[in-house]
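Okay, thanks for coming, everyone.

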Amino acid sequence: MATSLTVASRRRWRNLAITAVAVAAFGWISILYADALRQHEFLDGWALAAGMIVLAGFNMRKKLPMLALGKASTWTQIHIYLGYFTVCMFLLHTDFEIPIGALNWALWAVFLIVALSGLVGLFLSTSIPPKLERGTERILLERIPGFRAQLAREVEELAMRSVVDEASLTISHFYTDTLHHFMRRQRNRLDHLRGSPRQLSRIRQDIDNLKRYLDPKGVEILQEIEDRVVAKDNLDFHYAHYMALRLWLFVHIPATYSLIILACAHVATVYAFSTGAP
Amino acid sequence: MRILQQFDFRASNYERPNQKWICGRTQLGDPCRIGPDGKGCCQATFECEPRRDDDRWECTRPPIAGGACDMGPLPDGTCCRTIPTCTPRRSLRAMRGLWVRWATALTIGFLAVIIAFDGGTLFMPGPMTDGHSSLTTCSDCHTSVKSGPFGWMHSVFADIRPGEDSKACLTCHVVGVNSGKAHGLAGDKSAKMGRMIAARAGGKPHPMSARIQKSMFPMDRFVKNDISCATCHVEHKGRTSDLKAMTDAECQSCHTAQFASFSSGHPEFSNYPYTRRTRIIFDHNAHISVHFPKAGAKNDPAIKPPESCADCHELGPNRRLMATKSFDQTCSACHVNQITGAERASGPRGVPFLTIPGLDVETLRDRKIAIGEWPEDSEAELTPFMVMLLSADPSFKDDLALLGTRDLLDLTDASDAEIAAVERLAWGVKSLLFEMSTEDPARLKERLTAAKGSGDIPISRLIAALPRDVLMGARRDWMPNLAQEIADHAAGRRVLIPVAPDIEKFANALADPPSSAPSSPPAKDDVLSGGGDDKSDILSGGGGDKSGILSGGDKSGILSGGDNKPAILSDDKSDILSGGDDKSDILSGGDDKSDILSGDSNAVETIKVEAVAPPARVEPEVDAEKFARLGGWYRRDYGILFHPTGHVDRFLVSWLDYAGRTAKANGPGAAVFKSLTGKNAQGSCAKCHSVDERPDGSKQVNWGPRAIGQVHDRLTAFSHAPHFGVVGAKGCLTCHQIDDKAKYQASYAQPDPKKIASNFSPLPRAVCTDCHNAKFAGETCLTCHNYHAGRIETPFLTTKIPDHKR
């Protein structure tokens, strides 16, 4: 594990260094280009466009797995570091200024959305999987609703059984007052993303407090319920993180399509209104 | 912890997250195995499809769904467990796809709105500068863009030639004919300047970045091709953006000599700011060291030598360059008498314009040469002006060349060809005098044009309002029968030189006039008649050509009292035969025609000629030359001369300009130009006004110092005014150090204005870098330089006068 981290870290630094050198070199060339009375916006603009095409190609690569277009991991690395490079080209292209015209402003804003969502996605994609790995069981997202319903049914059955077997309403009242709400659907999403066990601890504290009022059989039933509560909380943890891993794409990908359209319009207008100056 | 997930196919479903729709019961934990179709419709029917085994139906529900049910299929083979229908939901991937479609639609909608909105103004990448804010239509500047919301799309595919849009700029900004050339300079002038600066830089190594830039992005095509305005002036950067901003690196990109900054590496100045000799020859050194002290020593209150530079110099109208004050403010007190000639040892003299050149009349008469009357005692020479005017005749030059340096006053040994040339010369002079005195003065211009003179100077300036009376007086005195002779000569008749005794005979006849006039009206061709139309009779005094011997009209008769007074009777107009203004004399031919010899038919019957003593009038002797010392035309001997009226005399200025244009070697104006710019020339124009030789060899007199308001073709943008406060006590001498060793006057002995020996030492760059460095006053290229060498102007309005009928 330690060795693989070292390799990943080394690769990261190497890629970052390559990206930094490429950005510096291209920035310098762009400055020389501008000093040579050329419009640097054409040079770094086309570099930006080329970067965006390659970045968007990553999505195509995922949609066309049958084609031998390289490993997805390689594409991911390219996507990440080319993304950094493209952001730098974007800053050069805009002269580090916020544009004024409506079209350019929209383009600038959408690019910013794509870039920021990409950075957020990168952060989530690197931080969440280790968290998911740390649990006892990694559950597929698609199966979570089924398991949650199954656990809810089982907890409800246990509560019912406590009424029948124990002739006591203590557990059933606890179920209706607290557990039913908890078990019914996804809960405490932000707490899970923050890594806070506060809600689970509170329920388990309630369960512990309840045990003093139960006989051993009731305690046994309550123990089974607690196991399912913990399992449900684990499902919520997974669900929250899975959704986080997927929801950033709801911003990144649609914004990318908008960006491509606006970029095409931008290129068309630039050439339409070009003065013929180099 | 409880383990929930199993991957055994009997215990878990096969998940298909890439499907667009999922069962609506998934969230309840009880999705059906069938799932929605591709369009999101629920397909739920039964939990299984029973299988027939012989005559029995068997349940086929899979183990993961609970295995075969207890009830089993119905008798008709239908599953007994119906699946409740659901409302299928989109999968996460499908939801994301929906978001993509919405985003795409919104983006396209957004584009449609900004294209359609207000003529596409939202397309603009940014507002234009305030100066261009009135340009509201894209096609005002982007020439390939058509009108209409989608007109711009045409230009996406149109062939945009560099410089096309610049033409739109040039409709409002007049940059000159070389607007697309580097610095607006013609031809390879900028390249020449580049080589000159590179030579001055002395081969210093260029910065590394400059070398790399040149190799990667060569600038050759910028110099060769037209540079569009938008290369440097980038619009749509906001209302207050600086369209003229340029970085030093941009400036240096084209330059052959590249350096880090003005204070570090900029080539040294060479002779700056003295690129040519001054147009007015003013030796600062000589004036300061010699002339001003001398003038001061005279203690003349009218002459006050300057005490500071500001006594002669002032800030020019553009407040950038220094101008010289006017002649009247600076030079006049000491130099005006040199112009009028008052201070000359020979006194004021005029410029001979027209003369009757002296000829060997006796020899010509002996050889029966027909040149008519010609004054025998003239010793005048042809003036350069006459040579130029006579050059209109193609044979004149040949005759002049043939005669060469021959003395025309001695033709005894002249060949027949030379005599013939003299004859043509004589008739040429006569024709010129006759033409000038009788024809429209504008005809003179035709002679000059024919002589290949430049014709854009008004003839009125060239003849300086030469009065006809002066010409007529000259004719009367010099060649009284000129009109008749010209007519005879034109008719092919030989007009011999009159014999001197003939003239004496006429004079004697006049001294013994008849006692009475005939009683009958004289015929118009009678001897004394003056009433006929031709009025050419001996005693004629009427109008017309009035060339009769005793004529009193134009005073050209033998007995006339003309200006040169050679005649028997003086011209005080009181003499017996006078025809002067009072016209009261006995033989007057004036308007009242009441005199005895008048052409009036009534008067001649009654009036007798009586010897009347002339009134005692004494005409003082007046020297015409002195009389004309204030300027103007006068006659002297056999010449008509012009005396300059003072500084800026229009006659001299016009002839110097006129003749200078054709004053190439052997050019028609060369002699005139030389005569007016010589050391002893009247007016002494060339003493102060330098003469430059144009590339074609013609000459140009510099009539004034550099016209400050017209200086625009400079790449250096130095402005004096901002520096007045920083030069301290040394003032002008901070930059303009007098070089007392310079041979200033000698530089005017040759024609090239670029070869100079300035009174001032060239300005060292260090004087500028004391302040102009990165720390203090700045050192960008545009601090001291213009990109455009020419002036950027806005064309004047062409508003038509409104129609008053409306």
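Let's start in chain B, where the charged end of B:K430 sits over the ring of B:W427, 5.0 Å from the ring centre. The rule for that is NZ of Lys or CZ of Arg within 6 Å of the ring centre and within 35 degrees of the ring normal. Chain A has one as well: the charged end of A:R148 is over the ring of A:Y239, with 5.6 Å to the centre.

Quick housekeeping. This is a predicted model, so local features need pLDDT of at least 70 and side-chain atom pairs count only at pLDDT 80 or more, while totals for chains, interfaces and linings use all residues. Residues are numbered from 1 along each chain as its sequence is written, chains are lettered from A and ligands numbered from 1 in the order in which they are written, and side-chain values use heavy atoms, with hydrogens and water left out.

Now, ring on ring. How many aromatic pairs are there over all chains? The count comes to 24, where rings of Phe, Tyr and Trp (its six-membered ring) pair if their centres lie within 6.5 Å, and planes under 30 degrees apart are stacked, over 60 edge-to-face, the rest tilted. Take B:Y744 and B:Y748: their ring centres are 5.3 Å apart and the planes sit at 65 degrees, so that pair is edge-to-face. B:Y744 is buried at 5% relative accessible area, and B:Y748 is buried too, at 15%. Buried here means under 20% relative accessible area, exposed over 50%, and partly exposed in between, with a 1.4 Å probe and protein chains only.

There's also a cluster linked by ring pairs: B:F353, B:F385, B:W633, B:F642, B:F651, B:W655 and B:Y658.

Strand β8 of chain B, residues 632-636, has four of its five residues buried. Strands, by the way, are DSSP runs of E, at least two residues, and helices are runs of H or I, at least four, numbered from the N terminus. β8(B) pairs antiparallel with β9(B), residues 639-643, over five bridges; two strands pair if DSSP finds at least two bridges between them.

Over to chain A, which has nine helices and zero strands. Of its 278 residues, 50% are buried. Contact means heavy atoms within 4.5 Å, and among chain A contacts between residues at least 6 apart in sequence, 77% join residues at least 24 apart.

Leaving out residues up to four places away in sequence, A:Y242 touches A:L132, A:R138, A:I139, A:L140, A:L141 and A:I144. From A:Y242 to A:L124, 118 residues along the chain, the C-alpha separation is 10.0 Å.

B:C735 is in no disulfide either, with the sulfur of B:C768 nearest at 6.5 Å, and B:C735 is partly exposed at 23%.

Conventions:
A disulfide is a pair of cysteine sulfur atoms within 2.5 Å.
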